[in-house]
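Welcome! Here is a short tour of one structure, with the cut-offs spelled out along the way.

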Amino acid sequence: LVAYLQLRDYGEEKLPGVSTAVFRCLTKGDNLKELAGRDDVVLLGVGAEFRVSTNAHRIFDEHVANGDKSQSKECAATLVAKFLEIDQELRWRKILKAVLHTDKNAPNLTLDLSVTVMEFQLQGWALHAVLRYTEMTIGAHLKKADQFAAVSLLPMREENLQLNGESHILTVIEGDDPKAPAFARFLGASVVVVKNPNGQVQILTTNHLRLDMRDVVRLLRLLEQIVKGRGVRVTDWRRLEQEGTIEEVPEWFFHAEARNILNGGTSRPDIPPTKLTLSAVVEAVKTGLEQQRFEPQRQ
């Protein structure tokens with residue numbers, strides 16, 4: 001459904017006629033090999049076994065056929081998006097991520113569409129009616145993405161973060177736009193590190209991951225003591241991971257339930273900004289979360 005919507009709205013230049021083409025499901029009377037050979041047919045989610053160099057631009061099917069696993073980590077929507085060169089557009093990134101996740105796993109609540117579509121099919125809804133519902137849902141998400149994209153983009157960079165063997169995004173932001181962290185999470189960030197113009201730093205996590213941030217706050221509080229040059233007074237790990245603030249290191253507040261670590265901010269401008277560099281904070285986050293990474297001096 002999403003692949004078709006993309007082709008209809010963006011594909012006319014590469015596939016003339018696709019914007020007005022009939023969209024339908026296969027029937028028992030169809031000969032898939034014959035359809036794969038026709039220049040006026042695009043196949044979505046089927047036909048991989050008949051894909052060759054001359055028709056590869058019309059067959060978007062990730063299923064393994066003839067031992068070819070080259071597209072097995074994709075789905076019809078991501079294959080179409082890459083073909084149309086819209087896969088990296090900000091407005092599509094999160095939608096495509098959710099569609100791909102649902103294609104490979106249980107339904108994804110970020111884009112709560114798949115369960116409803118299946119229910120419509122079970123209830124006998126016509127394809128055009130299901131498509132209309134899908135179009136409205138995708139349209140709403142695109143509009144939300146456009147609204148986020150309209151936010152004044154601050155200096156923002158993405159770094160790779162390895163969590164339990166999976167690649168995640170750590171986004172680093174410098175600025176004070178309150179919408180920026182939400183925008184970063186919308187783009188898929190699992191952890192966002194924000195430094196405001198006052199030098200205060202917030203480390204914000206995505207709730208559903210339920211990250212264990214204790215090692216991170218331990219490291220930050222140890223490092224803060226070191227850079228202040230007064231000697232390390234607190235080394236006990238249970239004290240260093242204590243929720244809230246600790247007297248010896250008032251710079252860092254640990255919100256254990258939300259799994260966020262805050263060095264002041266809008267609601268606490270009175271908190272002294274950390275003396276740690278932004279890169280040191282990012283390194284502490286990675287050291288505390290990545291299982292294969294060790295504190296550098298004890299590597």
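## Aromatic rings

Rings of Phe, Tyr and Trp (its six-membered ring) pair if their centres lie within 6.5 Å; planes under 30 degrees apart count as stacked, over 60 as edge-to-face and the rest as tilted. By that rule, Phe120, Trp125 and Tyr133 make up one aromatic cluster. This is a predicted model, where local features need pLDDT of at least 70, side-chain atom pairs count only at pLDDT 80 or more, and totals for chains, interfaces and linings use all residues. Residues are numbered from 1 along each chain as its sequence is written, and side-chain values use heavy atoms, leaving out hydrogens and water.

Across the whole structure, the search finds five aromatic pairs. One of them is stacked: tyrosine 4 and phenylalanine 23, at 4.1 Å centre to centre with 5° between the planes. Tyrosine 4 belongs to helix H1 (residues 2-10), while phenylalanine 23 sits in the loop between H1 and helix H2 (32-36), 19 residues apart. Helices (H or I, at least four residues) and strands (E, at least two) are DSSP runs, numbered from the N terminus.

## Burial and a charge over a ring

Tyrosine 4 is buried at 11% relative accessible area, whereas phenylalanine 23, at 26%, is partly exposed. Buried means under 20%, exposed over 50%, and partly exposed in between (1.4 Å probe, protein chains only).

Lysine 14 lies over the face of phenylalanine 83, 5.0 Å from the ring centre; this requires NZ of Lys or CZ of Arg within 6 Å of that centre and within 35 degrees of the ring normal.

## The sheet

Seven strands build an open, mixed sheet in the order E3-E4-E5-E6-E9-E8-E7, where pairing takes at least two DSSP bridges. E5 (residues 189-195) and E6 (residues 201-205) pair antiparallel over five bridges, with valine 191 opposite threonine 205 in E6.
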